[in-house]
Structure formats: structure tokens, C-alpha cells
Amino acid sequence: MNSHAYPGRSGRNRSFFSILNAVILLAGAATMLLPFVWMILASLKTNGEFLNTFKWFPETPRWDNYEKLLFPDKGHPFLLYFYNTVKVTGLAMIGTVLSCSLVAFAFARIPFPGKSFIFGFAVISMFLPSQVTMIPQFMIFRNLGWIGSHYPLIVPPFLATAFGIILLRQFFRSIPKEMDEAAKIDGAGWFKIYSRIHLPLMISPMLTLGILTLQEKWGEILYPMIFIGKDSSLWTMVLRIRDISTGQYNQSPELEMAGNVLLVLPIIVLFIVAQPYFVKSISTSGVKG
């Protein structure tokens, strides 16, 4: 049967599938938002309401849970842990982006002996579990006198990561080599080619790497717990929230939920703000020649 005889049928079919796709997407979004909504509601409950698993909504929102968390009677204010988290995460993000962009540029554009072997070794290192390198790292940092400080969390990202190198290398390779040759004719060296030509074209992928690094480091608990230790003045927010579960507030899970809300909220806001750059870096790959 000729479809031109029923021009309205194909339009109705498209409308039906559009509505169906919208319903599926909304259902998926609601499913992912449900735990976050539950966490916010749980942070406003009393201890008794929290332990009642069948009670979703608090009778009276307890905003003083956040006040107790931010300004405790004993110990440091929560803003100190927020500052430590921003310090460690921000420096790690800057170090990762700068070091990975330099190394990735060298692998993508500069010819040197053994480049393929070294790059292959970097790729293989991604398959090593973190547990394999944890003890050697701890011994190195202990010999340097860095245990009980933020240095073990800040310095290694300035030495580049395998994932960041591989990610940025693909974008550097997509930039036409004619741009490098034209810059060399004008007398530019490799660093000037990197800083003047390539970096302006790499804003989106570098922002993507920065966001991924921020997401990884912001909520990291294992390495801060091992390298920082018991000095609570150096704790990040994750360590403070963990202490709520195991320390003096071990009977106050509602305060732990309030801490989780404060931990997650900055990441959500940052992702919303940086989403256009994130999407652009995925949909494009440098400059097409």
C-alpha cells in the first residue's frame, strides 16, 4: 500500500514515538533523581523518623541538622573541611590538566625515539589496579615525610595520568599538521606551537578532563584516609562525613545525609554550568582539516 495515500499516518506514528521516547526519558530521569530526593528528605528528619524506613517525608523539616553539621559543638567547623576539599581537588585538577596536555602534545606532535614504546607503557599502566601501587606510593611518601599532609594528594596529578594523556592525545592528533609547519616557518618552537596554536583549540577537551578529575577527586575517600591520617584539621569533607558514621555522631545518620547533600551539591551545580563545554568536547574532535 502506498504510504502517500495516508500522509497523516506517518505523522501520527512519529508523534507517538516522540511521546513514547519522552515518557521513557522522564521515567529514567525520575529513577535517577529518586535517591537524591530521598537523601535530601532524610537529612531533614529526626533520628526517629530516619530509622522509620516507611516514613519518607519528615513531619517538620529539621533545618537545624545542617546547623549542627556546619557549626558543631566540638571539633572544627564544616567550612574547614570544605576548604581542604576545594584545595586538594582544585590543585589536583589543575595539575592533571596542565601535565596531561603537555605530555599528550609531545606524544601526538613531537617525534622522538621510543615514543610508541613509552606510550604503550602508559596505556598498559591503566590496567594496573590501584591496590598494586598503593603500598609503594605509601612507602615513597613516608620516606619523603609527606604522610599526614596534603602533598600525596596534590603532587602526583602534576606528573600526568594515563587516562588524561590518552584522552588529550586523540584531540591533538586531529589538529592538521600544516598548522605546525606554518608556525615552524615563522620561527616558532614546540612550546610556542603548543601554547599559541594548540591550547586555544583544546579548551573543551581540557575542561572535560578537568571535570572528570574533579568528579573523581571530590568524593575520593581511600587515598585521603590513608595519606592524611588522624589529623582532623587536614580532613576533606568525605573524611568528616565518614567520621559522623563512626565517631561521636554514630547515632545520627541524619547528619550524615546532610553532609552527603553538601558534598554532592557543588558537583551538580558545576556540571550544569560546564555541560555545554562537556557536550561540545564529546561531539567534536579538534579541528577538521
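The following legends describe close-up views of a predicted model.

The model is predicted, and local features require pLDDT of at least 70, side-chain atom pairs count only at pLDDT 80 or more, and totals for chains, interfaces and linings use all residues. Residues are numbered from 1 along each chain as its sequence is written, and side-chain values use heavy atoms, with hydrogens and water left out.

**Figure 1. Overall fold of the protein.** The protein has 14 helices and 0 strands, where helices (H or I, at least four residues) and strands (E, at least two) are DSSP runs numbered from the N terminus. Of its 289 residues, 34% count as buried; buried denotes under 20% relative accessible area, exposed over 50%, and partly exposed the range in between (1.4 Å probe, protein chains only). The accessible surface comes to about 17600 Å², of which 68% belongs to carbon and sulfur atoms; accessible areas come from the Shrake-Rupley method with a 1.4 Å probe, and for residues only the protein chains shown count as cover. Among contacts (heavy atoms within 4.5 Å) between residues at least 6 apart in sequence, 71% join residues at least 24 apart.

**Figure 2. The largest pocket.** This pocket holds about 1200 Å³ of space. A pocket is an open set of points on a 1 Å grid over the protein atoms alone, where a 1.4 Å probe fits, with protein on both sides within 12 Å along at least five of seven lines; lining residues have an atom within 4 Å of a point. Grid points are joined across faces, edges and corners, and a volume is the space filled by probe spheres set on the points. The lining comprises 38 residues, of which Q137, A160, T161, A162 and K217 lie nearest the centre of the pocket. Helices that each supply at least two lining residues include α4 (78-109), α6 (130-144), α8 (162-173) and α11 (203-218). By class, the lining has 25 nonpolar, 10 polar and 3 charged residues; Ala, Val, Leu, Ile, Met, Phe, Trp, Tyr, Cys and Pro count as nonpolar, Asp, Glu, Lys and Arg as charged, and the others, Gly among them, as polar.

**Figure 3. The second largest pocket.** About 380 Å³ of space lies in this pocket. Its lining is formed by 16 residues, and Q215, V264, I267, I268 and F271 are the closest to its centre. At least two lining residues come from each of α1 (7-43), α11 and α14 (253-283), and α14 gives the most, with 8 residues. The lining has 14 nonpolar, 2 polar and no charged residues.

**Figure 4. Surroundings of T89.** T89 lies in helix α4 and is buried, with a relative accessible area of 2%. Its side chain reaches the backbone oxygen of T85 at 2.8 Å. Residues up to four places away in sequence not being counted, T89 touches L214, K217 and W218.

**Figure 5. Surroundings of W190.** W190 belongs to helix α10 (residues 190-201) and is partly exposed, at a relative accessible area of 27%. Neighbours within four places in sequence aside, W190 is in contact with F105, R109, I110, P111, D180 and K184. The C-alpha atoms of W190 and I110 are separated by 7.9 Å, although these residues are 80 residues apart along the chain.

**Figure 6. Surroundings of S252.** The loop between α13 (237-246) and α14 contains S252, which is buried, with a relative accessible area of 17%. Apart from neighbours within four places in sequence, S252 is in contact with N47 and I244. S252 and L51 are 201 residues apart in sequence and 10.0 Å apart in space, C-alpha to C-alpha.

Methods
Polar contact = N/O pair within 3.5 Å; in protein donor to acceptor, adjacent residues only side chain to side chain.
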